[in-house]
Amino acid sequence: MARIAVVYYSSTGNVHQLASALAEGAQEAGAEVRLRRVPELAPEEAIDSNPLWRAHVDATAGEVQEATPADLEWADGYALGTPTRFGTPASQMKQFIDTLGGLWFTGKLADKGATAFTSAQNVHGGNETTILTLFNVFSHFGAVIVPPGYTDPVLFEAGGNPYGVSNASGGKSATVTDAERAAARYQGRRLAEVTAKLVA
């Protein structure tokens, strides 16, 4: 049984929805899964300025555990999800990645399956560049990048992003479509299945 860590940051909930679906898919493939959110860095006044952000922070505070480097050390494979910020990962995700130096230095992030997913306000808001930025990180880790590619028709129904599932939120929360949810479940299954081959 492969062990999969799905680690994400979400401000208003769209990446959270994708992360949950991806975790479900990995479980469907027989993996043991940890769903974890990275710590919030924004000040309370910033969160309070957006009712959707405040609602999501409050809703997930007791529902999803915060991620630690130990979760990635435990995992045989991992998925990182983040909203895009100017075409790159959110600072909350970047800060978490920056805590992984000890694991990277000792090779404990290498030879593991890795995949990424994201959400932006619109289709061309940086979804692909954000995922490709995470691929750079995975390359430094020595991970085995597991993109969904065009390996199942469900990916075309969700917008056809071969790098990872992405959502165009329109600046709203709870906008993940059924097609995107299905594609995220597929991406989770694929990560678990490929990772299982790596650890066999």
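Modeller: A residue is buried under 20% relative accessible area, exposed over 50%, and partly exposed in between, using a 1.4 Å probe and protein chains only. This is a predicted model, in which local features need pLDDT of at least 70 and side-chain atom pairs count only at pLDDT 80 or more, while totals for chains, interfaces and linings use all residues. Residues are numbered from 1 along each chain as its sequence is written, and side-chain values use heavy atoms, with hydrogens and water left out.

Now the pairs. Side chains of opposite charge can pair when their charged atoms come close. A salt bridge here is a side-chain nitrogen of Lys or Arg within 4 Å of a carboxyl oxygen of Asp or Glu. The structure holds 11 of them.

Start with Glu44 and Arg54. Their side chains form a salt bridge, at 2.3 Å from N to O. Glu44 lies in helix α2 (residues 44-48) and Arg54 in helix α3 (residues 51-60), so this pair ties together parts that are 10 residues apart in sequence. Helices are DSSP runs of H or I, at least four residues long, and are numbered from the N terminus. Glu44 has a relative accessibility of 47%, so this residue counts as partly exposed.

Arg54 has another partner, Asp48. The closest N and O atoms of that salt bridge are 2.7 Å apart. Asp48 is partly exposed, because its relative accessibility is 47%.

Next, Lys94 and Asp98. Their salt bridge puts the closest N and O atoms 2.9 Å apart. Both residues lie in helix α5 (residues 91-98). They are 4 residues apart, about one turn of the helix. Lys94 is partly exposed, at 42% relative accessible area. Asp98 reaches 52% and therefore counts as exposed.

Among the buried ones are Val15, Leu18, Ala19 and Leu22. Gly30, which follows α1, has a positive phi, near 95°.

Definitions and conventions: Helix = DSSP H or I, 4+ residues; strand = E, 2+ residues; numbered from the N terminus.
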